[in-house]
Amino acid sequence: MAYAELLCRTHYSFLEGASHPEELIQQAAAMGLRALAITDRDGVYGIPKAYVAARSLPHLHFITGATLTLKEHPPIALLARDRAAYGVLCRLLTESHRDAPKGEAFLPWSQFVSMLGELPGSRGLVALPREEAPSLRKEAALMRLPRLAPHDWGALRDLFGDRLYLPLRRHLDGQDEARTRSAIELQKRFGVPILATNDAYYHEPSRRMLQDVLTATRLNTSLAGAGRRLFSNGERHLKSALEMAALFPDLPEALARTVEVAESCTFSPAELRYRYPSEWIPGGHTAQSWMEHLVREGCRTRYPDGVPEAVERQLQHEFQLVKELQFADYFLTIWEIVDFARSRGILCQGRGSAANSAICYCLGITAVDPVRMNLLFERFLSAERGEPPDIDVDFEHERREEVIQHIYERYGRDRAAMVSAVITYRTRSAIRDVNRALGLDPGAAETKNWLADRLTEDLRGFPRHLSIHSGGFTLSADPIVEIVPVEPARMEGRTIIQWDKNDLDALGLLKVDILALGMLTAIRKSLDQIGMKDLAAIPAEDPATYAMIQKADTVGVFQIESRAQMNMLGRLKPRTFYDLVIEVALVRPGPIVGKMVHPYLKRRQGLEPVDIPDPRLDPILARTLGVPLFQEQVMKMAIVLADFTPGEADQLRRAIGAWRSTGSIEEMGMKLREGLLRNGLPEKFVDLIFTQIQGFAEYGFPESHAASFALLAYASSWLKCHHPAEFTCALINSQPLGFYSNSTLVEDARRHGVRVLPVHPNHSAWDCQLVPDPHTEVPRDARALQLGWRIVRGLGPAQVRALVEERERAPFRSLHDFLVRSRLGRELLFQLALGNAFTCFGVEPRQALWECLAFDLSTRPEPTGQLSLFSALDSTPDTGPALLRASEPEVRFREDVDLFADYRIFGLSTRGHPMPLLRSSLPRLPKLSSAEVRTRPNGAEVRFAGLVIVRQRPPTAKGTTFATLEDEAGFVDLILWKSVHEAHEPLLQNHSFLVVTGTVQREGDSLSLLVRKLEPVFASEENLQNLPSHSWH
Amino acid sequence: MKKDESKNRITLCLLFRNRIRLAELAEASFRFTPKIALREDEALFLDYQGEPAQVLLRIRALCRRFGTDPVLAWGEEAGLALARARFGQKLSREELPVQALDCFLNPFERDEESDRTLGRTLALLQQLGILDFAQLFALPQRTLLSRFGKSGADAVLRARVGVPSTWPLFQAPDRTLERAPLCQPDTLDGVSDLESILQAAHALLDRLGARLRGRAARAARLSLTLELDQKSSSGRPLQRAWNFGLPVPQGSASGILPLIREKLSAELQRQPLVRPAVRLQIEILETAPGHGAQRDFFHRAELEAEAWDALTGRLCQKLGAPGAFVAEPQDRHLPERAWRAVLRKAAPDAPHAIRSPAIQDSAATPQAAAPVAPVRRPARVLKRPVPVQLHQRQLKLVQDNRTACEWQIREIHGPERLSGEWWDPNTAFQRDYYQVRTESGEELWVFAQTGRSGPGDVAPTPASPLSPEGSLMPLQRQLYLHGYFD
């Protein structure tokens, strides 16, 4: 006896189905079903996962389908018999989403009919009209969907002919007899054969509870409130042939028919052959030949003195592999996008494993020479992997949209779409919805009983809705809507496919990640100011730059500006580019957990010998002093010393990556271990390798990725070192990015000799600019950093545009003139007055504030003018009213008031750092500056006061907290053990100014204070808002 | 009369030849429109939108209840409606005689001063040979003021262009009571027999019902007072009075009268009237919200609802409050909880609503109406399912060790598998229900528990009742009788 279940929904029928696709496939196979069709509502979201699960189950035939919601008609499930039919199904689904609100779909009946008539592949679709579940009838009522009336069967029969079946379910819901009678009558009347189904919502009976919870959630009510909109029993699970036979003893042919239909559906997602876009290939060329041609052209730029032999060998190897795997189009697609960006002067750079490829380097997609870096191509692409490479490209974040629009324009919306990301239930949201369904407090942070626990556990990981992947695009030579349905994203102007990046990988489809990187914007802006063309113009291996890096003077620099990185810089002291590569990779959870950091540093500092147990490991490990720091090194060891093929080595790398989630690396790990031992490596070394491998599982960087990032780290360091004004200007103009606030960036720039000018009504633009330094004691061509209006809180670009237009008519002559012509709101004017913006008119801040108030009163008289004056005062910093209540408006504000006002309004001050003022006005504060602290020896006890700018508590730090205090001379890093942190946590969290007592800890040039005690500078910092600091946990 | 008048908003006028107490009739007329005005005891105006022909029929039927037969007319504004009621319902504006002018000046109120002034105007018009509005409207407008003075000119203007007047607010009487004299048809003496009293009560209840209906209310408590033909020592007439609390609010005489009959019959038997009764008074002391369809005088649903109320009211009175109730469907699969007993839908602020602790008042715990169940359910459901035994094709109900009932099974349909409420251990259930048809023609609702109540427990798929072998419920499971299909 055989049976195939042809109607089944996964949890990708959002908030309806209660099982993962994999669970349904596994269960169907375990039950011995002949076939299983996945027919989710309005999409093929779960098809790739189901397909992958079914691949290893040869006895289960997997069928692709979907349920289409129709307007003016009940829904219809459609099964794809062949590839063409699948394409039609995708088109139908795309159209059903096109004009519907996000998250909904419906296709007008007339359009459904006409599409079936026009699209040739529609003859391969099998139609199974469905009934609406009771919980969905409310929505059906809202959409005015009628029950399937007899006369509609006639229309359906005309449309589908002998591909139309009448699914009959027997759910023991008291309507089975009536349903059967009706079905038999329809069968007689219209000749539509009956087909047995259980219309499954979950894979096993125990999931009934979760399905009820999903229904209640969808209806936004509790389980009790859902009433009879819940199913009346738990019969909607996958049933075996035996169970179905017991339900349909009178209709054995209905069961047999399921197998017939299943056997007619031969389409498999494996047939989704993919053609990359290729219209730019000139005549006379194939994709491969054109790619090679472009690579050769690129070689002339990359290797002006001729292509080295090693590079040529590498290129030939890569050409061969690319040709074999037919991926030339993919590289050309990426090249086209990068070429467009370059033509527009948009800085871009490939990252990740793509930097392992010489082709990518010569095509200009990546910026790191993989041969010189001795990188491993198989980390990027291998025959064994069986999937396309994955190239991620970073673009300037402010101009990424131009690239996205170019892609849409070039390929069209039917050939380019963004990849979706499935937003799934996390623990908190699962607890909330489960609690709500059970009638418990949805705001509770945890579940209250075993039932809620179990439901929460089941619900975690369930999809809730689709979102856009941050930059993933899929592109196709053929209309993408015949490969996967496309639907509108929530973001205006964006469309997404119904699959995520994992699905694309599983099916071998192209994905391009168009990512945004703020530092590229900042670098480009810096280069523009300096007059340099691109990154290649930056001199390599500049000693001054490395000297600056070694001193950990890296505020604002890419990747190496965090406190942890700065700490490492003082110990590692990078001297070469590869040192930077290691620096970038080393401060990561991976190497820390893998216990690689200390051995490497000790060897680098000469504190222990560089021990490489086998000379065959020299080329692999010498550059990391015998400590494997990168996945690629393990891969190379596997190839060289454990008899792995490059493809197997890549599989080993993947197994390592999956180790964290699956907890096992048995097969590949055993093979590696055996191979290394077989080739004579000491067991102790092999054990160490495995410890370090575990670290890789904790997010190690690929070497190529570290190299790509190191390039940007070097470039930004060079810019900071040699052009600090331009660099700081660019950084502020590219916010938000990086680790530090504008205030810290400005302070750092000032320490590098950059003069910073405050916001000026007649000179400032929206962005910061470099202007001739007005001070006479500097060289004539010196430039100062003129702060832009963008730093003023509450001021927007439109307002600034109006301001600039006004002043272009004529500069502002006086404060009054500014007040009249600027048309800024009074709150902004008050802020600017207090923020010293009007001193250029010869008006001190207090006087400026009076004038603003007077102007406001004269232009907007109110009955409670007097009250509004004082209410206006109350809305300014509290020092304002106190001072204004003094007698003369000519009295100046105190300097500290000015300074703190700057911070409140601008987030920084050009008057200087607050610490010198505080030290002079508060005698009890320690007088030591950070510069002086840095001279203290190891173990010295110091007391130091500063502004907290960073608080961090990394998960790998086992409860230790790191913080950084800043003063006018620089930074001091703090280490707080868990007990110290717990004793001072409120102080650390709630105060920006702290006095620290601790012990100096030195390692190389790195210095930290091991904190013993914290004290506040102010009893209360209520009035000190907007002081810049970050807290990351 | 212009045809398009019927499509616009119109004013209906009921002109009474004999002065009557219009307030009660006006109150009853609220069922047609909220905008009502009186002209003392002479005329009643209703602002109405719709087909006048339909509403006039209903108004006439209502008036008959109040023993009156007014002249009915309508117009675009109150003045025109009153003028037509007085001088001819079918007259057009121009055809009205000039005597109709006073209708337009202030249709809602008599004003003696205006009347005098208008009287002079009318005399003048007659002298001028102007007899109707057509001739009046032909006069040059600029001469009206000088000729007829302000009142006259105003009246002409209003008559000509149909200026609507301000409607005075009509307030319903504070008390909802009706009185009627009781007398023998031949002697005019008072009455002592119950039937005469009830006959008079019927008429009063009809009027009271009409008035309540106007306010979309029903009577929940009332008093009946008989005034006797003898005075007490203080000089006041002797009275007998009774209060009636209605277990189910009633909106018509047919629902209330039987209750009055029953009570008075017993009371007067116990203590007959010492003197004949000469006056009857019935007052509604407490009301409850009425039915939704109550505004429509002849609506079938309203009649049905009133009949239903009358029936349930009588049952409640007979059986006591817990004995009779309305089963309100609930939105649950569990049969025992798929309904709840509701006594009556009392108004939230009704101070004297009868409440039984065993029966929930739907106002206290309102719940959305449950959707209609698509599956057939028994007409009678046992409060508690009772165990039954199955032996071959016989089903037996055994109580106290003896067979209380037994049925021979003819056929079985099912099962309907019901399970749910797994989140509440007190109500979690898992049952297979069967419809058992017996040789004696009864149809029983029987269920078998299917394993434990855990929702993850897999109940065996039962043999299909449609199998050619016929079906019997599995013997190894305990069966319960839960209801009867009638």
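Here are some notes on this predicted model, point by point.

1. Ground rules. This is a predicted model, where local features need pLDDT of at least 70 and side-chain atom pairs count only at pLDDT 80 or more, while totals for chains, interfaces and linings use all residues. Residues are numbered from 1 along each chain as its sequence is written, chains are lettered from A and ligands numbered from 1 in the order in which they are written, and side-chain values use heavy atoms, with hydrogens and water left out.

2. Chain A overall. Chain A has 43 helices and 24 strands; helices (H or I, at least four residues) and strands (E, at least two) are DSSP runs, numbered from the N terminus. Of its 1033 residues, 60% are buried, where buried means under 20% relative accessible area, exposed over 50%, and partly exposed in between (1.4 Å probe, protein chains only). Take the contacts in chain A with a separation of 6 or more: 73% of them are between residues 24 or more positions apart, a contact being heavy atoms within 4.5 Å. The accessible surface of chain A is about 40,200 Å², and carbon and sulfur atoms own 52% of that. Areas come from the Shrake-Rupley method with a 1.4 Å probe; for residues, only the protein chains shown count as cover.

3. A helix worth a look. Helix α8 of chain A (residues 208-218) is largely enclosed by the rest of the structure, because 11 of its 11 residues are buried. Among them are the charged residues A:R208, A:D212 and A:R218, with Lys and Arg counted as positive, Asp and Glu as negative, and His and the chain ends not counted. After α8(A) comes A:N220, with a positive phi near 55°.

4. Salt bridges. Over all chains there are 82 of them, each being a side-chain nitrogen of Lys or Arg within 4 Å of a carboxyl oxygen of Asp or Glu. A:E235 pairs with A:K239, with 2.7 Å between the closest N and O atoms. Both ends are buried: A:E235 has 7% relative accessibility and A:K239 has 0%.

5. A bridge within one helix. A:R436 and A:D433 form a salt bridge at 3.2 Å, N to O. The two sit three residues apart in helix α17 of chain A (residues 427-437), about one turn of the helix. An α-helix has 3.6 residues a turn, so residues three or four places apart point the same way. A:D433 is buried at 4%, while A:R436 is partly exposed at 33%.

6. A bridge between helices. A:R673 and A:E683 also make a salt bridge, with the closest N and O atoms 3.6 Å apart. A:R673 belongs to helix α29 (residues 666-678) and A:E683 to helix α30 (residues 683-697), both of chain A, 10 residues apart. A:R673 is partly exposed at 22%, and so is A:E683 at 48%. Elsewhere, A:R9, A:E16, A:R41, A:R130 and A:D199 are joined into one network by salt bridges that share partners.

7. Backbone checks. Most residues other than glycine have a negative phi, and most peptide bonds are trans. A:D42 has a positive phi of about 55°; this residue is in the loop between β2 (35-41) and α2 (47-55) of chain A and is buried at 7%. A:E541 has a positive phi too, near 50°. Its loop runs between α20 (518-530) and α21 (543-550) of chain A, and A:E541 is partly exposed at 37%.

8. Cis bonds. A:Q735 and A:P736 are joined by a cis peptide bond with omega about 5°, and A:P736 is in the loop between α32 (724-733) and α33 (742-751) of chain A. In chain B, a cis peptide bond joins B:G414 and B:P415, omega again about 5°. Here B:P415 is within strand β13 (residues 402-420).

9. Surface patches on chain B. Patches are made of residues with over 30% relative accessible area and no salt bridge: like charges are joined within 9 Å, nonpolar side chains (Val, Leu, Ile, Met, Phe, Trp, Tyr) within 5 Å. B:W308, B:L311, B:L315 and B:L319 make a nonpolar one, with about 410 Å² of accessible area together. Of these, B:L315 lies in helix α10 (residues 300-319) and is partly exposed at 37%. A negative patch is made by B:E109, B:D111, B:E112 and B:D115, the place of a charge being NZ of Lys, CZ of Arg, CG of Asp or CD of Glu.
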